[in-house]
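Welcome, and thanks for taking a look at this protein.

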Amino acid sequence: MSPLPFELQLALRYLRPKRTFVSIITLISIIGVMLGVAVLIIVISVMTGFDQELRDKILGFNPHLRVTNYGGEPLKNHRQIAELISSNERVVSVAPYIEDQLLLRTQPEFGKPLSRALYLRGIDPKNTAGVDIVPKSIVDGEFNLRGRRILLGITTARNLGLRVGDRVVLISPNEIEELHRAREDEDADVPLPDDYLIAGIFDVGHYEYNAAFVVTSLVTAQEIYELGQSAHGLFVNIKNPYEADVARRELSELVGGEVYISTWLEDHSMFLDALVVEKNVMFYLLFFIMVVAAFGIMSAQITFVVQKTREIGMLKALGASRFQIMSVFLSQSLMVGVMGVLCGLGLGMLAVSYRNEFLFAMRKLLNFELFPEKLYMFSKLPALVIPQDVALICGASLIICILAGLFPALNAARLHPIEALRHE
């Protein structure tokens with residue numbers, strides 16, 4: 001005697017591969033469930049990894065809180081404000097910074113000089129609050145900002161053909177104004193922009209930061225923008241970046257209303273909110289693959305009930321209850337769903353594990369870039385598998401498969417024994 005109940009034994013017997021139309025539909029249904037689960041796991045894992053990676057890059061190159069003057073005016077009393085902010089127990093570090101646009105012009109030995117409009121960020125080399133990732137991301141040269149030394153992003157260096165040891169000219173908006181005035185006044189002195197040494201090249205793993213920023217010391221930036229001892233603001237890092245709103249309220253009460261405090265979530269809300277919306281929309285859209293697969297299961301079960309009508313009548317005549325008949329067909333739907341979900345789980349996890357190898361092979365063989373770095377700002381496709389998301393996908397898919405077999409199972413259970421035995 002088998003330990004399995006006869007309903008499950010019968011369902012397993014009916015599911016054995018046979019060269020019939022129903023078996024083909026059942027196989028297609030399993031493949032549909034497998035692909036639906038796999039695609040959902042891949043997409044949700046990639047979207048979650050993309051969101052997490054973007055947050056890590058933002059928090060590595062930006063502060064948790066940014067303190068600035070209203071109207072964008074330089075912060076002259078930044079030292080006093082920094083002391084007040086440092087007294088808060090949530091605060092880990094506070095550092096002054098300077099950030100503004102400038103024009104970078106190369107000085108090649110041969111060929112035509114190239115120019116780019118970039119952002120210059122001046123920081124304290126001894127206190128890298130807000131740009132903690134930069135010292136760890138030097139791929140060439142060293143993190144040395146003494147004197148007139150600068151750091152370039154790897155994308156900027158590639159685009160302009162620059163290397164460590166090259167010299168470039170940095171022209172601030174103030175110097176452009178002076179050049180314009182000197183052009184109008186023939187007697188005025190023409191200012192000569194200073195040149196700066198490239199001490200290192202960084203790669204923070206984010207295309208926008210690698211392509212748009214130049215990093216130098218706070219003192220050098222103060223000289224470039226003629227700020228004296230002032231700064232554009234303060235970078236503030238706290239213990240838990242996701243408590244930035246609470247910390248902002250506390251610090252606003254502490255320093256008063258003379259400065260404006262913004263959070264990293266506020267500064268990058270466009271990207272972060274768009275990712276959350278896109279992840280939710282992709283989940284609901286791709287879940288329709290499971291609905292299509294469920295219709296395949298329903299179609300196979302309806303056909304199967306019609307084919308097995310006489311056997312159903314025989315079972316009922318022998319004393320099988322409605323619940324037992326219904327359980328046979330529900331068990332079939334459950335087993336189809338389990339096989340599809342398990343195969344989809346394996347395929348999805350395999351695809352997530354080897355996602356970058358697949359992209360590199362496609363780029364090499366077909367010269368086609370499925371994940372452009374310039375568009376998505378990452379050199380590799382990120383992914384993060386969260387067990388709760390996988391459990392939700394697998395569980396919901398299994399429930400849909402069972403529900404798909406509910407209607408045919410109810411019809412089978414309602415069949416009258418005599419009418420079923422007369423069926424041809």
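Let us begin with the charged side chains: the protein has nine salt bridges. Keep in mind that this is a predicted model. Its pLDDT averages 81, and 83% of the residues score at least 70.

**Salt bridges around glutamate 99**

- Arginine 66 and glutamate 99 form one of the salt bridges, with 3.9 Å between their closest N and O atoms.
- This pair links distant parts of the chain, since arginine 66 belongs to strand β1 (residues 65–69) and glutamate 99 to strand β2 (residues 91–106), 33 residues apart.
- Arginine 66 counts as buried because its relative accessibility is 13%, whereas glutamate 99, at 22%, counts as partly exposed.
- Glutamate 99 also meets the side chain of arginine 121 in a salt bridge, at 2.7 Å from N to O.
- Arginine 121 lies in strand β3 (residues 115–123) and glutamate 99 in strand β2, so this contact ties together parts that are 22 residues apart in sequence.
- With a relative accessible area of 0%, arginine 121 is buried.

- Arginine 90 forms a salt bridge with glutamate 243, and their closest N and O atoms are 2.6 Å apart.
- Arginine 90 sits in the loop between α3 (78–86) and β2, and glutamate 243 in the loop between β9 and α9, so the pair ties together parts that are 153 residues apart in sequence.
- Both ends are partly exposed: arginine 90 has a relative accessible area of 22%, and glutamate 243 has one of 34%.

**Aromatic contacts**

- Across the whole structure there are eight aromatic pairs.
- In one of them, the ring centres of phenylalanine 61 and phenylalanine 213 are 5.1 Å apart and the planes stand at 70°, so the pair is edge-to-face.
- Phenylalanine 61 is in helix α2 (residues 21–61) and phenylalanine 213 in strand β8 (residues 213–217), so this pair links distant parts of the chain, 152 residues apart.
- Tyrosine 242 and tryptophan 264 make another edge-to-face pair, 5.5 Å from centre to centre with 80° between the planes.
- Tyrosine 242 lies in the loop between β9 (233–238) and α9 (244–255), while tryptophan 264 is in helix α10 (residues 264–267), so the contact ties together parts that are 22 residues apart in sequence.
- Tyrosine 242 counts as partly exposed at 45% relative accessibility, whereas tryptophan 264 counts as buried at 0%.
- One aromatic cluster is formed by Phe61, Tyr119, Phe202, Tyr209 and Phe213.

**Strand β7 and its partners**

- Strand β7 (residues 195–202) is mostly covered, with seven of its eight residues buried.
- Strand β4 (residues 138–141) pairs with β7 in the antiparallel sense over three bridges, and glycine 141 has glycine 200 of β7 as its bridge partner.
- β5 pairs with β7 in the parallel sense over five bridges, and here leucine 151 stands opposite glycine 200.
- Strand β6 (residues 167–171) runs antiparallel to β7 and is joined to it by three bridges, with leucine 197 of β7 as the bridge partner of arginine 167.
- The charged end of arginine 148 sits over the ring of tyrosine 196, 6.0 Å from the centre of that ring.

**Serine 327**

- Serine 327 is found in helix α13 (residues 322–353).
- Serine 327 counts as buried because its relative accessibility is 14%.
- The C-alpha atoms of serine 327 and leucine 406 are separated by 9.4 Å, and these two residues are 79 residues apart along the chain.

**Confidence by element**

- Among the elements of the protein, strand β5 (residues 149–153) has the highest mean pLDDT, at 93.
- Helix α18 (residues 417–422) has the lowest, at 58.

Methods: Residues are numbered from 1 along each chain as its sequence is written. Side-chain values use heavy atoms; hydrogens and water are left out. pLDDT is the predictor's confidence in each residue, from 0 to 100. Helices (H or I, at least four residues) and strands (E, at least two) are DSSP runs, numbered from the N terminus. Buried means under 20% relative accessible area, exposed over 50%, partly exposed in between (1.4 Å probe, protein chains only). Rings of Phe, Tyr and Trp (its six-membered ring) pair if their centres lie within 6.5 Å; planes under 30 degrees apart count as stacked, over 60 as edge-to-face and the rest as tilted. A charge sits over a ring if NZ of Lys or CZ of Arg is within 6 Å of the ring centre and within 35 degrees of the ring normal. Two strands pair if DSSP finds at least two bridges between them. A salt bridge is a side-chain nitrogen of Lys or Arg within 4 Å of a carboxyl oxygen of Asp or Glu.
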